[in-house]
Amino acid sequence: MALDFLIQLLVNGFIIGLLYGVVAMAFVLIYKSSLVVNFAQGEFLLIGAWACWWLLAKFSLPFYLAFIFTLVFMTIFGILIQLIILRPLIGEPIISIIMVTIGLSIFFQALMNWMFGVFVEPFPKIFSTESVNLLGLEVQTVYIMSGLISLLIMISFAIFFKKSRLGLAMRATAFDQQAAQSLGVSVKQVFSAAWGISAIVSAVAGIVFGIVNGISSGIAFMGIKVFPAVILGGLDSVLGAILGGLVIGLLEHFAHYLDVQYLNVGNMIRIAPFYVLLIILMIKPYGFFGTKDIERV
Amino acid sequence: MSIKKFRPCGDFRTSYSSDMSLFQDKGSFYLTLFGIFLLLIAPLLFDSYIISLLIYIGFYGIAALGLNLLVGCTGQISVGHAVFFGFGAFASAWLSNKFFFPVWISIPTAAIMTAFVGLIFGIPAARVKGLYLAIATLAAQFIMEDFFSRASWFTGGVDGASAEPLKIFGFYFDTDEKYFYLVLFWLIISFLMVSNLMRTRDGRAFLAVRDHYLSAEMMGINLTKYRILSFGISSLFAGLGGALYGHYLNFVSIEEFNIQLSIFFLAMIIIGGLGSIRGSLMGAAFMVLLPEVMDALTRLLSDTSIDQALSLSSAIPFIKEASIGLVIILFLIFEPNGLAYRWGQIRAWFKLYPFSY
């Protein structure tokens with residue numbers, strides 16, 4: 001019984017971890033290209049999820065149309081945020097950048113609560129079967145879908161960065177901004193593209209999360225949970241973000257198992273990632289794959 | 001990050017002692033005295049609602065002062081200031097409930113306890129800096145919040161802790177007017193302490209660590225020591241503000257010291273001006289009055305078509321929250337040096353009046 005429970009939790013942890021990985025990837029994309037720590041990543045998820053829900057509920061669009069409209073909206077939204085809010089702050093000290101994204105996060109969270117209320121709204125049903133039997137385990141269909149979508153996003157990310165011209169430009173900018181600029185890469189465009197792509201990816205993650213758990217402002221907490229994942233993997237490593245997300249997902253569910261079975265302290269699933277975060281920062285602050293800052297005078 | 005200080009022309013210093021004086025000129029000395037005098041007679045002039053707002057500005061101002069010392073003067077970003085504020089509130093209530101400390105002793109004792117907790121937290125925090133420190137303090141915020149909800153021997157758990165009103169020699173500080181003087185006393189003490197600190201060797205060391213920590217280290221400043229010290233002093237003021245807060249409300253609940261409050265403190269010092277002592281108080285006043293202004297605006301708009309279209313009256317909590325976020329963004333884009341800088345500009349304009357160049 002206990003073993004079954006553990007395996008069930010670990011499967012859930014794996015799938016949630018994939019989702020963390022996707023959000024962490026979106027976070028790292030922004031950090032890597034424009035050195036902005038986006039504390040408002042969770043609100044990107046929230047806005048994407050609410051936008052999609054609104055299109056579905058108010059206009060009764062078919063799901064794929066609503067999905068596409070949401071993605072278009074989020075691209076524009078992400079680029080606009082970069083243009084209006086972040087561009088004037090280029091070159092400002094790190095506290096200003098952190099605070100402006102925190103300000104964005106408070107503002108949009110309050111705005112979403114105002115527009116859509118504070119209660120959990122379920123997504124309209126998409127699958128007819130609730131759960132499937134996978135190797136003797138009951139796994140909810142939405143979980144499988146969420147895992148598949150996460151994997152799909154990751155693969156398309158890899159292809160995008162390896163094959164496309166914009167992806168190459170983004171990698172070049174991340175590697176060395178000045179060199180990229182002198183070779184004709186438009187750094188402004190790369191920054192905007194990074195925010196646009198990050199907003200799209202976050203919106204997809206938000207919608208998936210909304211389908212699994214219903215939409216509420218709790219989705220925005222994903223934006224905070226992403227910090228343990230990115231610190232674990234290294235702040236500027238996309239691969240590290242995915243791995244970090246997976247590890248954090250598995251770890252918090254394992255902590256939950258220990259909590260339920262042995263410790264009975266409660267709330268471990270929420271707090272355990274932050275303990276991990278502190279420990280990582282103490283012993284290996286640049287994570288598994290992050291580049292070390294070397295400072296010269 | 002630092003506020004550029006340009007001295008107006010004709011403002012000469014002929015000795016070191018006049019350069020290091022607490023008040024830069026006679027004008028600011030008399031303005032400060034006048035401000036304190038106004039505050040002393042404030043309970044005679046205003047009703048108790050305004051006095052209660054002033055009390056809030058007082059203890060938030062003390063806590064913001066501590067945070068400004070840490071973030072603005074030492075350059076250590078902390079997103080977990082609210083837990084120290086909360087720790088001070090709980091510690092003072094705990095001391096007076098469990099050990100029967102008189103409240104007027106328990107408030108400073110709680111502040112000192114919080115300072116020690118801050119020193120302990122500062123030891124790991126001295127290892128990381130900048131962005132990593134911000135994330136570490138974010139984690140500490142959630143861990144400490146969790147600790148508050150678990151440690152029912154200390155905080156009373158979900159029931160919260162009750163805090164006695166203050167009493168000295170049989171004289172109760174129970175009404176807003178009386179409590180106002182208590183907060184004012186501690187506010188003046190705190191601001192004097194920090195102003196003096198910034199004039200000493202240690203204060204200059206903080207600024208050096210902020211401006212360029214590698215150069216500071218080369219000049220023989222012990223980075224670890226000053227980072228930890230800054231955390232400790234910042235927690236001292238957070239604890240003091242928190243203790244005053246607890247005894248003002250007579251009840252401390254574990255819900256209040258969340259990440260929103262931490263951000264609220266950060267917003268105060270951003271708006272007031274990073275690294276500016278009087279800016280902390282200005283920022284605290286701004287942030288306490290902002291929700292009131294939003295309240296008044298919504299009331300002004302009630303029963304108009306805007307109100308009906310957006311149902312403003314039912315959305316006041318969201319409007320207040322959104323306005324905090326919006327104000328942070330607007331200040332960072334349009335007035336990154338904060339209110340204190342603008343205040344300096346205005347003073348300089350008057351001083352130089354006909355020839356402002």
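## A tour of chains A and B

Among contacts in chain A between residues at least 6 apart in sequence, 75% join residues at least 24 apart. Keep in mind throughout that this is a predicted model.

**Select chain A.** Colour it by secondary structure: there are eleven helices and two strands. Followed along the sequence, the order is α-α-α-α-β-β-α-α-α-α-α-α-α. The C-alpha atoms occupy a box of roughly 60 × 50 × 40 Å along the principal axes. The radius of gyration of chain A is 19 Å, which agrees with the value near 19 Å for a compact globule, because the chain has 297 residues. Of these 297 residues, 50% count as buried.

**Select residues 238-263 and 268-283 of chain A.** The stretch 238-263 is helix α10(A), and 268-283 is α11(A). At what angle do the axes of α10(A) and α11(A) cross? They cross at roughly 125° and come within 8 Å. The two helices are therefore oblique to each other, and their crossing is right-handed.

Now show the side chains. On α10(A), the contact is made by Ile248(A), Leu251(A), Glu252(A), His253(A), Ala255(A), His256(A) and Asp259(A). Facing them from α11(A) are Met268(A), Ile269(A), Ala272(A), Pro273(A) and Val276(A). By class, the residues of this contact are eight nonpolar, two polar and two charged.

**Show both chains and select the interface.** Here 34 residues of chain A are in contact with 33 residues of chain B. Which elements of chain A give two or more residues to the side that touches chain B? They are α4 (94-116), α9 (222-233) and α11 (268-283). Of these, α4(A) gives the most, with 15 residues. Colouring this side of chain A by residue class gives 28 nonpolar, four polar and two charged residues.

**Select chain B.** Its secondary structure consists of 16 helices and four strands. Along the principal axes, the C-alpha atoms of chain B fill a box of roughly 60 × 55 × 45 Å. Chain B has 357 residues, so a compact globule would have a radius of gyration near 21 Å, and the chain's 21 Å agrees. Buried residues account for 43% of the 357. For contacts in chain B with a separation of 6 or more, 78% are between residues 24 or more positions apart.

Definitions and conventions: Residues are numbered from 1 along each chain as its sequence is written. Chains are lettered from A and ligands numbered from 1 in the order in which they are written. This is a predicted model: local features need pLDDT of at least 70, side-chain atom pairs count only at pLDDT 80 or more; totals for chains, interfaces and linings use all residues. The radius of gyration is taken over C-alpha atoms; the globule rule is 2.2 Å times the number of residues to the power 0.38. A residue is buried if 20 or more other C-beta atoms lie within 10 Å of its own, exposed if 12 or fewer, and partly exposed in between; C-beta atoms are placed from the backbone. Two residues are in contact if their C-beta atoms, placed from the backbone, lie within 7 Å. Ala, Val, Leu, Ile, Met, Phe, Trp, Tyr, Cys and Pro count as nonpolar, Asp, Glu, Lys and Arg as charged, and the others, Gly among them, as polar. Axes are lines fitted to C-alpha atoms, for helices over the stretch in contact, and angles run from 0 to 180 degrees between N-to-C directions. Angles under 35 degrees count as roughly parallel, over 145 as roughly antiparallel, 65 to 115 as roughly perpendicular and the rest as oblique. A crossing is left-handed if the near helix is turned anticlockwise from the far one by less than a right angle, and right-handed if clockwise.
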